[in-house]
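Subject: Structure handover

Hello,

Here is the structure for you to look through. My notes follow below it.

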Amino acid sequence: MKSFITLLILCSVVQIKSSAIKREAKYPRFQRSCYRNMPTGELDDCLKFNFQQSLPTYRSAGIPGIINGSIDPHTWPRFYHYFGGALIQGSLTISDTKMWGWSALRVLQVRTNVKNPEKMLVDMDFKVPKLDMFGQFKLEARLGAAKFYGEGPFWLNLTGVSGTWKVSGSRERGAPYMEIKSFKGRPSIETFKLKAKGAALGNERLSNLVVATINRGWRIFHEIANPAIEREWGNYCTENLNRVFKSVPYDELFPLDRDTSEVSSYNN
């Protein structure tokens, strides 16, 4: 459990160092020990405290075993979305997107349901004051009667990003590892500003119109894109979480009690 909240928020590539004798999984250690058999409210507060206190230390150094390097910026490798609507239709691919702002994330509340040893349910309410994103995009779309293609760098500024991440996991009775089954959450935002000069290649006027249309009607576009964002980000996080959860026993990541934790520490 000592590493659990970090795994939820900043899911990324897990590095496992090997030796000829034994494989050792590395993961973060926190100030407080949190156990599954704690009263629910006490456990929730313990998790919230651990992540919030530890997050600033990961900004430049990264998270042991989870992110090798800075978490701010954090890189999202790829996002794809096909969109259709009365105003604009097409497909969008975004790659190598760097996101600045995660180190200022605030954990507002954590709610756990972990009494069943074969199930794990964790909800986390969060808010990030500002996210700046920079990456590459490819766009093929139709705006009214005009068909256009776009490609190049983009910059996106979001403020007031908030929501609830919902993580669920399960394991067979007696199995050592908990498998993450889903990672869900549709963020809300307060303001949105996009810049992308290549939104319509070869037609600067249309390019400016496309960006202006998106900035004026961003709430509609955000609502349309939210299911795809939830799916793509959820798959990305689920895959990376399972690299840890499928390699480190659940009772080591998330001890039942102090005795379980001490046994795991002794064996590792």
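Start with two arginines. Arginine 36 lies over the face of phenylalanine 254, at 6.0 Å from the ring centre. Arginine 32 sits over the face of phenylalanine 49, with 3.6 Å to the ring centre. Keep in mind that this is a predicted model.

Next, the core. The largest nonpolar core has 65 residues. Leu105, Met120, Phe148 and Trp233 touch the most other members. Strand E8 (residues 119-143) gives the most to this core: 11 residues.

Now the aromatics. There are 9 aromatic pairs in the structure. In one of them, the rings of tryptophan 76 and tryptophan 233 have centres 5.0 Å apart. Their planes stand at 80°, over the 60 degrees needed, so the pair is edge-to-face. Tryptophan 76 is in strand E5 (residues 74-83) and tryptophan 233 is in helix H5 (residues 218-245), so the pair ties together parts 157 residues apart in sequence. Tryptophan 76 has 12% relative accessibility and counts as buried. Tryptophan 233 is buried too, with a relative accessible area of 10%.

Phenylalanine 126 and tryptophan 165 also pair. This pair is stacked, at 4.1 Å centre to centre and 20° between the planes. Phenylalanine 126 lies in strand E8 and tryptophan 165 in strand E9 (residues 146-170), so parts 39 residues apart in sequence are tied together. Phenylalanine 126 is buried at 3% relative accessibility. Tryptophan 165 is buried at 5%.

One aromatic cluster takes in Trp76, Phe79, Trp102, Phe126, Trp165, Phe183, Trp233 and Tyr236.

Best wishes

Technical notes: Residues numbered from 1 in each chain as written. Predicted model: local features only at pLDDT ≥ 70, side-chain atom pairs only at ≥ 80, totals over all residues. Heavy atoms only, no water. Core = buried A, V, L, I, M, F, W, Y, C linked by side-chain atoms within 4.5 Å. Buried < 20%, exposed > 50% of the residue type's maximum accessible area, 1.4 Å probe, protein only. Helix = DSSP H or I, 4+ residues; strand = E, 2+ residues; numbered from the N terminus. Phe/Tyr/Trp six-rings, centres within 6.5 Å; stacked < 30°, edge-to-face > 60°. Lys NZ or Arg CZ within 6 Å of the ring centre and 35° of its normal.
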